[in-house]
Amino acid sequence: MKHPYLEAGEVVSTHGVRGEVKIYPWADSPAFLLDFDTLYLDGKPYPVESIRVHKAVVLAKLRGVDTVEAAQALRGRVVTVDRSGLEPPEGSVFIADLLGLPVYAGEEEIGRVADVLTLPGNDVYVVRGEHEYMIPAVAEFLQEVDVERGLVRVRLIQGMRTDEN
């Protein structure tokens, strides 16, 4: 199911004395956040006055946040973005769209996507139902990922079920 907003990071600190916030991005690249004119914190829109990447974080000056104290009050808040008009690269999906989708092995529902581990080699889908499965997100095991229809179809092999010997 596609959500209208995507969680994109977290305000982790302040920067400077003029109310800039330091955002730890949850996207593949911090530059992802540079494309947005408005960031949302707790559902409240904050128009972006300036934004830039600094090392592995994003520094943003948000309208109405003009002091270090106001910026400090936003610490720990999750940053969301409006996804309208935003599509992932060809062959990719947003993790937020996968969470909660039912997962089928053949015609049998084995659980739902509970988490996606982003690892150096490839992502791994954590599927929880009667059992828990760790399924590498590679073509050999992912037969179908259809966010529009709301399902994931996989091919299981021995060792994917976490309580198997």
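Read from the N terminus, the elements of the protein chain follow the order β-β-β-β-β-α-β-α-β-β-β-β-β-β, which amounts to two helices and twelve strands, where helices (H or I, at least four residues) and strands (E, at least two) are DSSP runs numbered from the N terminus. The model is a predicted one, in which local features need pLDDT of at least 70 and side-chain atom pairs count only at pLDDT 80 or more, while totals for chains, interfaces and linings use all residues. Residues are numbered from 1 along each chain as its sequence is written, and side-chain values use heavy atoms, with hydrogens and water left out.

**The whole chain**

Begin with the C-alpha trace of the protein chain, which spans about 55 × 35 × 25 Å along its principal axes. Of its 165 residues, 35% count as buried (buried means under 20% relative accessible area, exposed over 50%, and partly exposed in between, with a 1.4 Å probe and protein chains only). If you then display the surface, the chain exposes about 9,600 Å², of which carbon and sulfur atoms supply 49%, the areas coming from the Shrake-Rupley method with a 1.4 Å probe and, for residues, with only the protein chains shown counting as cover. Among contacts (heavy atoms within 4.5 Å) with a separation of 6 or more, 49% join residues 24 or more positions apart.

Select Lys-61 next, in strand E5, which covers residues 57–62. Is Lys-61 buried or exposed? Lys-61 counts as buried, because its relative accessibility is 11%. A polar atom of its side chain lies 2.6 Å from the backbone oxygen of Val-65. Beyond its neighbours within four places in sequence, Lys-61 is in contact with Arg-18, Gly-19, Glu-20, Pro-47, Val-48, Glu-49, Ser-50 and Asp-66.

Step back to Lys-55, in the loop between E4 and E5, where phi is near 60 degrees, a positive value in a residue other than glycine. Lys-55 counts as exposed, at 74% relative accessibility.

The loop between strand E3 (38–41) and strand E4 (44–54) holds Asp-42, which is not a glycine but has a positive phi of about 55 degrees. Asp-42 is exposed, because its relative accessibility is 60%.

Asp-42 is also one of the residues touched by Val-78, together with Glu-7, Gly-9, Glu-10, Trp-26, Tyr-40 and Leu-41, when residues up to four places away in sequence are not counted. Val-78 belongs to strand E6 (residues 78–82) and is partly exposed, with a relative accessible area of 28%.

**The largest pocket**

Finish at the largest pocket, which holds about 1,100 Å³ of space. Its 34 lining residues include Asp-28, Pro-88, Val-93, Phe-94 and Ile-95, the closest to its centre. Which element gives the most to the lining? Helix H2 does, with four residues, and H2 (95–98), strand E1 (5–15), strand E9 (123–128) and strand E11 (142–146) each supply at least two. Coloured by class, the lining has 20 nonpolar, four polar and ten charged residues, where Ala, Val, Leu, Ile, Met, Phe, Trp, Tyr, Cys and Pro count as nonpolar, Asp, Glu, Lys and Arg as charged, and the others, Gly among them, as polar.

A pocket here is an open set of points on a 1 Å grid over the protein atoms alone where a 1.4 Å probe fits, with protein on both sides within 12 Å along at least five of seven lines, and lining residues have an atom within 4 Å of a point. Grid points are joined across faces, edges and corners, and the volume is the space filled by probe spheres set on the points.

Technical notes:
Polar contact = N/O pair within 3.5 Å; in protein donor to acceptor, adjacent residues only side chain to side chain.
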